[in-house]
Amino acid sequence: MDAVAAYTPEEQKTNTAVHESAHAVVYMAAGYQVGEIALHEPGDHSYGGRAHVKYMAMSGPWLDWAVTCAAGERAEIRWMRETGRWSSDRGWAAERLAWRDRSQVGEAYRSCHNRELTFDGDHDDWGDYAWVMDRTDEALDLVWDRVLTLANHVTVRQHLTGEEAARIAGL
């Protein structure tokens, strides 16, 4: 995936920070807490990837979780477009690297609605991932500046507690 995305190391770090910060900010904006947000050193794929957000327990509508899970991928795509880094290869890599986030949306949907999430591109069907992405884009519109602010701090510090992240994001 790294070869396809063809980012410089600094661009990759920023891209990852934007992805993870979006998860954290959307989650906190919905009224939940995070325990930490961290970028991993190259080669350290603990927690399953380049970075992670530790979420504190939540109890709320499945859509809060769905939007939280989709926020990383959607923010990554938005950041690429806004900074002139978008390409179809990078978009494909972002989608592929978000498979775990997407599968969590599907698991939550199945658990809450006893039905499979579809990926048919139906923006009017609340059981389709396209509908979830639209809700996620709306949520990101409300907090985009906060996502970028937090991402800047994550890029520099590489690890923040949940309290630090909430303070930085103004949540």
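User: What's the relative accessible area of Arg-78?
Analyst: It is 24%, which makes Arg-78 partly exposed. The cut-offs are under 20% relative accessible area for buried and over 50% for exposed, with partly exposed in between (1.4 Å probe, protein chains only).

User: What sort of model is this?
Analyst: This is a predicted model, where local features need pLDDT of at least 70 and side-chain atom pairs count only at pLDDT 80 or more, while totals for chains, interfaces and linings use all residues. Residues are numbered from 1 along each chain as its sequence is written, and side-chain values use heavy atoms, with hydrogens and water left out.

User: Which residue does Arg-78 form a salt bridge with?
Analyst: Glu-82, with the closest N and O atoms 3.0 Å apart. A salt bridge here is a side-chain nitrogen of Lys or Arg within 4 Å of a carboxyl oxygen of Asp or Glu. Both residues lie in helix 3, four residues apart, or about one turn. Helices are DSSP runs (H or I, at least four residues; strands are E, at least two), numbered from the N terminus.

User: And Glu-82, how accessible?
Analyst: Glu-82 is partly exposed, at 47%.

User: How many salt bridges by that rule?
Analyst: Nine.

User: Where do Glu-73 and Arg-102 sit?
Analyst: Their side chains meet in a salt bridge, 2.8 Å from N to O. The pair links distant parts of the chain, 29 residues apart: Glu-73 is in helix 3 (residues 62-82) and Arg-102 in helix 5 (residues 99-113).

User: Are those two buried or exposed?
Analyst: Both Glu-73 and Arg-102 are buried.

User: Which residue pairs with Glu-138?
Analyst: Arg-135, in a salt bridge of 3.1 Å, N to O. Both are in helix 6 (residues 129-157), three residues apart.
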